[in-house]
Amino acid sequence: MIKSKKEIEIMRQGGKILRKTLKKLKEVSKTGVEYSYINDLCAKLLKKENAKPAAYGYNGFPGNLCISRNDEIVHGIPFKKIIQDGDLLTYDLIIEYKGMFTDSSISFVCGEKNKTKEKIIEICRQCLDIGIGKAKIGNRIGDIGSAIQKHAEKKGYSVVRNLVGHGVGYSIHEDISVPNYGRKGTGKKLKEGMTL
């Protein structure tokens, strides 16, 4: 799905709103705060920016964002839980802004620091940066996944294979699937105007 420069600029604006929203949600995330508060605040912040939480109602999803805790991989439902000291939290947020979708997440440890959890976040960040570095015109999807997988395994970790990254822009999930594993030189070729 190739996007025009104008569409990419709208997505860039949406991405700035998304980043600002995730940053604010992290700031208010303290021990004892209810997930439902984070969920409601998310909608309020986006409304001020003329953006909408795209996950709400998607395939019946009841929240404005996904909140996953500790060993939950992704897509946690943001209700009936309270943030505990030392929780590793991941907020996964998709927004719609001016008809275009952007998607991002943030992971952090709430309250008392935990070396094991902080290390997981650091290795994941390294993997993300390495993957982004391989997302260049002319490379292939397998180049991204292969680089991520190799780095994670070199650091003593593994990658989730049941869930993958994806394209975004005109809808919440678009082609291309972007696994965190793969073989270099395989998969679809990356072209100018693709948004992953």
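Student: Of the 196 residues of the chain, what percentage count as buried?
Tutor: The model is a predicted one, in which local features need pLDDT of at least 70, side-chain atom pairs count only at pLDDT 80 or more, and totals for chains, interfaces and linings use all residues. Residues are numbered from 1 along each chain as its sequence is written, and side-chain values use heavy atoms, with hydrogens and water left out. Buried means under 20% relative accessible area, exposed over 50%, and partly exposed in between (1.4 Å probe, protein chains only). On that criterion, the buried share of the 196 residues is 40%.

Student: How many helices and strands does the chain have?
Tutor: Helices (H or I, at least four residues) and strands (E, at least two) are DSSP runs, numbered from the N terminus. From that terminus on, the order of elements is α-α-β-β-β-β-α-α-β-β. The total is 4 helices and 6 strands.

Student: What is the radius of gyration of the chain?
Tutor: The radius of gyration is taken over C-alpha atoms, and the globule rule is 2.2 Å times the number of residues to the power 0.38. For 196 residues the rule gives 16 Å, and the chain's value is close to this, so the chain is as compact as a globular protein of that length. The radius of gyration is 17 Å.

Student: At roughly what angle do the axes of α3 and α4 cross?
Tutor: Axes are lines fitted to C-alpha atoms, for helices over the stretch in contact, and angles run from 0 to 180 degrees between N-to-C directions. The axes of α3 (residues 115-134) and α4 (residues 141-154) come within 8 Å and cross at roughly 155°.

Student: Which residues of α3 and α4 make the contact?
Tutor: Contact means heavy atoms within 4.5 Å. From α4, the residues are Asp143, Ile144, Ala147, Ile148, His151 and Ala152. From α3, they are Ile123, Gln126, Cys127, Ile130, Gly131 and Lys134.

Student: Where is Asn50 found, and is Asn50 buried or exposed?
Tutor: Phi of Asn50 is near 60°, a positive value in a residue other than glycine. Asn50 lies in the loop between α2 (35-48) and β1 (52-53). Its relative accessibility is 66%, so Asn50 counts as exposed.

Student: What is the relative accessibility of Asn59?
Tutor: Asn59 is found in the loop between β1 and β2 (66-69), and its phi is also positive, near 50°. Asn59 counts as exposed because its relative accessibility is 71%.
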